[in-house]
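The sequence and structure are shown first, and the description follows.

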Amino acid sequence: MGTLAQRSRLPALRHNCMIRLRRLQPLKSWNTFGIAETAAYGTVCTRVEQLHSLRRRRELHGLPLLPLGAGSNVLFAEPFPGVVVRVRLRGIRCVAESAHEVLVEAAAGEPWHNFVRTCLTQGWYGLENLALIPGTVGAAPVHNIGAYGVEVAEFLDGVEFWEHESGQFLWLPAAELGLGYRSSRLRTELLGRGILTRVRFRLLRRPRPHAQYPTLAALLERERIRHPTPWDIFHAVCRLRRQRLPDPRRLPNAGSFFRNPIVPARQAQELRQRYPELPLFPAGADSVKIPAAWLIEQCGWKGYRRGDVGVAPQHALVLVNYGGASGREILQLAQEIARSVWERFQIRLEPEVLILPAQAWQP
Ligand code: NAP
């Protein structure tokens, strides 16, 4: 990572802050899918100083490391053989401002939705379309979360990353995170190499509402809101999400299970001839995004249930656990769905959810 990263200018840390390690850590309440797997070790991190003791504990040497925020984008298909670190770091502060912009830092463990609301309350704009996305601030750059026409990448300045091997805190500017459609280097080559501790955002002092996304625009139109404020957008997005997405506290799930596939424009046009109602959205030169939910629904999966696993009746992209489903059962259903989409449309669905272990995914 050396050439990419600068050391962050953090005060020297005290090295005597201990962590509490638990053996055979139960994970059921640590993932929104409610999967009752275990990790070899688990710990909760509430202060950055505690990270140093992770390197000093002999029993952890050589074991894989998994940072977890709210656990809202992960599927444990097997017991996790390493140490799961639940990041509970908190704090939000403005570090600089000008007439137009404000630099805001938030600790990785801040709940995302509360952070969005706090920003609006302070008059820091831009994140309102991302209201009510489950998870923590630390997860936002990892998946480059996005909704209703906005991606967090547009407002990211950089992240602070504690590198496990060196024990150093590194500053990674947003431009070096390889941010793409629901992806980043943090969930590929940097996964397991450390823990994201802080995120810095570049937000707006003057509202620049983004209300063109069709379902959002339609709701605002129905409510006769012609010039929406950021708060109007925030409330409209909350309403839309509550209507369409099952609440993980009532029906455990991890949000969108699959990414929307991006296919060559030629393939999309061929499909359009066979399926005139196929929704298509431009995604860069010669590429087109197709809603995975549409493909899954066409294959008849929406509302499907088998034992304790199923596809949400409200949204074909959301797989749900009706109670005692195992990670393996959810994985098996996801693979059947991906296979049926492939057989019918010759389009490969890729999981948006992080599947552990990664090699368990064999569509
Ligand atoms: P929708 O409006 O039914 O549209 C289905 C899909 O088509 C969306 O996923 C969206 O892709 C794409 N789409 C629609 N209009 C678009 C446009 N004008 N330009 C580009 N792409 C367009 O979507 P929905 O399922 O109700 O979701 C609404 C928003 O919430 C979406 O942005 C979606 O990403 C987000 N969402 C997030 C999660 C999650 O777990 N993180 C779950 C459900 C929905 P995009 O997904 O790329 O926007």
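How many helices and strands are there in the chain?

## Basis and overall fold

The chain contains 8 helices and 21 strands; helices (H or I, at least four residues) and strands (E, at least two) are DSSP runs, numbered from the N terminus. This is a predicted model, in which local features need pLDDT of at least 70 and side-chain atom pairs count only at pLDDT 80 or more, while totals for chains, interfaces and linings use all residues. Residues are numbered from 1 along each chain as its sequence is written, and side-chain values use heavy atoms, with hydrogens and water left out.

The C-alpha trace spans about 65 × 50 × 40 Å along its principal axes. The radius of gyration of the chain is 21 Å, in agreement with the value near 21 Å for a compact globule of 363 residues. This radius is taken over C-alpha atoms, and the globule rule is 2.2 Å times the number of residues to the power 0.38. Of the contacts between residues at least 6 apart in sequence, 64% join residues at least 24 apart; contact means heavy atoms within 4.5 Å.

## Surface and charge

Buried residues account for 52% of the 363 residues. Buried means under 20% relative accessible area, exposed over 50%, and partly exposed in between (1.4 Å probe, protein chains only). The chain exposes about 17,200 Å², of which carbon and sulfur atoms supply 49%. These areas come from the Shrake-Rupley method with a 1.4 Å probe; for residues, only the protein chains shown count as cover.

There are 48 positive and 31 negative side chains, and the centres of the two sets lie 5 Å apart. Lys and Arg count as positive and Asp and Glu as negative, whereas His and the chain ends are not counted. The place of a charge is taken as NZ of Lys, CZ of Arg, CG of Asp or CD of Glu.

## Nonpolar cores

The largest nonpolar core has 64 residues, and those touching the most other members are Leu-54, Trp-112, Phe-115, Leu-127, Phe-201 and Leu-203. Apart from this core lies another of 52 residues, including Leu-27, Leu-68, Val-74 and Ile-347. A nonpolar core is a set of buried Ala, Val, Leu, Ile, Met, Phe, Trp, Tyr and Cys residues joined through side-chain atoms within 4.5 Å.

Trp-112 belongs to helix α2 (residues 112–122) and is buried, because its relative accessible area is 0%. Beyond residues up to four places away in sequence, the contacts of Trp-112 include Leu-127, Leu-130, Ile-133, Val-137 and Phe-201. Under that sequence limit, Leu-203 touches residues including Val-102, Val-104, Trp-124, Leu-127 and Phe-155.

## Backbone features

The peptide bond from Leu-356 to Pro-357 is cis, with omega near -5°. Pro-357 is placed in the segment after β21 (354–356).

Leu-24 lies in strand β2 (residues 22–26) and is exposed, with a relative accessible area of 60%. Gln-346 is in the loop between α8 (327–345) and β21, and its 39% relative accessibility means that this residue counts as partly exposed.

## Buried residues in loops

Which residues does Ala-312 touch, not counting residues up to four places away in sequence? They are Pro-246, Lys-302, Gly-303, Val-318 and Val-320. Ala-312 lies in the loop between β19 (309–311) and β20 (318–321) and counts as buried, at 0% relative accessibility. Its C-alpha atom is 9.6 Å from that of Arg-244, although the two residues are 68 apart in sequence.

Arg-182 is in the loop between β12 (169–173) and β13 (194–204), and a relative accessible area of 14% makes Arg-182 buried. Leaving aside neighbours within four places in sequence, the contacts of Arg-182 include His-143, Glu-151, Arg-187, Arg-259 and Glu-352. Gly-167 is found in the loop between β11 (156–163) and β12 and is also buried, at 9% relative accessible area. With neighbours within four places in sequence left aside, Gly-167 is in contact with His-52, Arg-55 and Trp-162.
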